[in-house]
Amino acid sequence: MKIVILAATGGIGRELLDQAFAAGHEVTAVVRSPDRLSRPVRAVRADLADADPAVLESAVAGADAVLSGLGARSSAEAGVAWRGTRAVSSAMTATGVRRIVVVSAAPIGTVASPGRPNPPRRDPGDGFLMSRLATPIVRAALRKHYADLARMEDVLRAGPLDWTVVRPPRLTDKPLTADYRTAYDRNIRGGAFASRADVAHLMLRVLGEPESVGHTVGIAG
């Protein structure tokens, strides 16, 4: 497949790049710093917080799918996920590319956004401790990051693309296992962790699962 990876030098992006390359896919990496890429792939330099539409259109034209590891690394960067997703969605629409898979976060189903001002108070997959204690604490600590991801999901729901959103809990740097649990449109009961490698594996896997289009997918080890 011809795959475009956004933020291919980030934590999820590096795993996507390594696994897609190892699987023999033809990869284009959209990054701010091409010199930091771990594999010899086609690179397109772009700052997705304020990208040139023509550059993004040239990056995605002819692709079978776009995989996004976009996410703010600090509060100051909050906004990059939804702005970058909006920009790449426009580029995909202009060039006729439809399939996109993005990474979000497990608590986002309960985060208010312009498109979902009254979300559920708890995710149907969360148990008592997670929904009443852990999630509210984490959501408050990462308020700006989660608001960014919630708006990113708004962009996809409002647009014409064939999207899938992967929502992991706390990420780790443990190696790939491919032994993880998943669920559509809910978090995983008792699932507190997922490795970045397994999240990337799932994002690549769902490209071959048309039933995942238009759904969020919870994942946990």
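Does aspartate 185 count as buried, partly exposed or exposed, and at what relative accessibility? Aspartate 185 counts as partly exposed, at 37% relative accessibility. Here buried means under 20% relative accessible area, exposed means over 50%, and partly exposed lies in between (1.4 Å probe, protein chains only).

This is a predicted model, where local features need pLDDT of at least 70, side-chain atom pairs count only at pLDDT 80 or more, and totals for chains, interfaces and linings use all residues. Residues are numbered from 1 along each chain as its sequence is written, and side-chain values use heavy atoms, with hydrogens and water left out.

Start with the sheet. Eight strands form an open sheet with mixed pairing, in the order S3-S2-S1-S4-S5-S6-S10-S8. Strands (E, at least two residues) and helices (H or I, at least four) are DSSP runs, numbered from the N terminus. Two strands pair if DSSP finds at least two bridges between them. Strand S3 (42-45) and strand S8 (181-184) stand at the edges; each has a single partner strand, so one side of each is left without a neighbour in the sheet. From one strand to the next, the twist averages 20°.

Now look at two pairs. S1 and S2 run parallel and are joined by five bridges. Isoleucine 5 has alanine 29 in S2 as its bridge partner. S2 is mostly covered, with five of its six residues buried. Strand S4 (residues 65-68) and strand S5 (residues 99-103) also run parallel, joined by three bridges. Valine 66 stands opposite isoleucine 100 in S5.

Helices come next. Helix H3 (residues 80-95) packs on the sheet and touches S1, S4 and S5. Contact means heavy atoms within 4.5 Å. The direction of H3 makes about 170° with that of S5. Axes are lines fitted to C-alpha atoms, for helices over the stretch in contact, and angles run from 0 to 180 degrees between N-to-C directions. Helix H1 (residues 11-22) lies across strand S1 (2-6), strand S2 (26-31), S4 and S5. H1 runs at about 165° to S1.

The axes of helix H2 (residues 53-60) and H3 come within 9 Å and cross at roughly 60°. Leu56, Glu57 and Val60 of H2 meet Ala87, Val88, Ala91, Met92, Ala94 and Thr95 of H3.

Return to the loops. Aspartate 185 sits between S8 and strand S9 (193-195). Its phi is positive, about 60°, although aspartate 185 is not a glycine. Most residues other than glycine have a negative phi. Alanine 178 also has a positive phi, near 60°.
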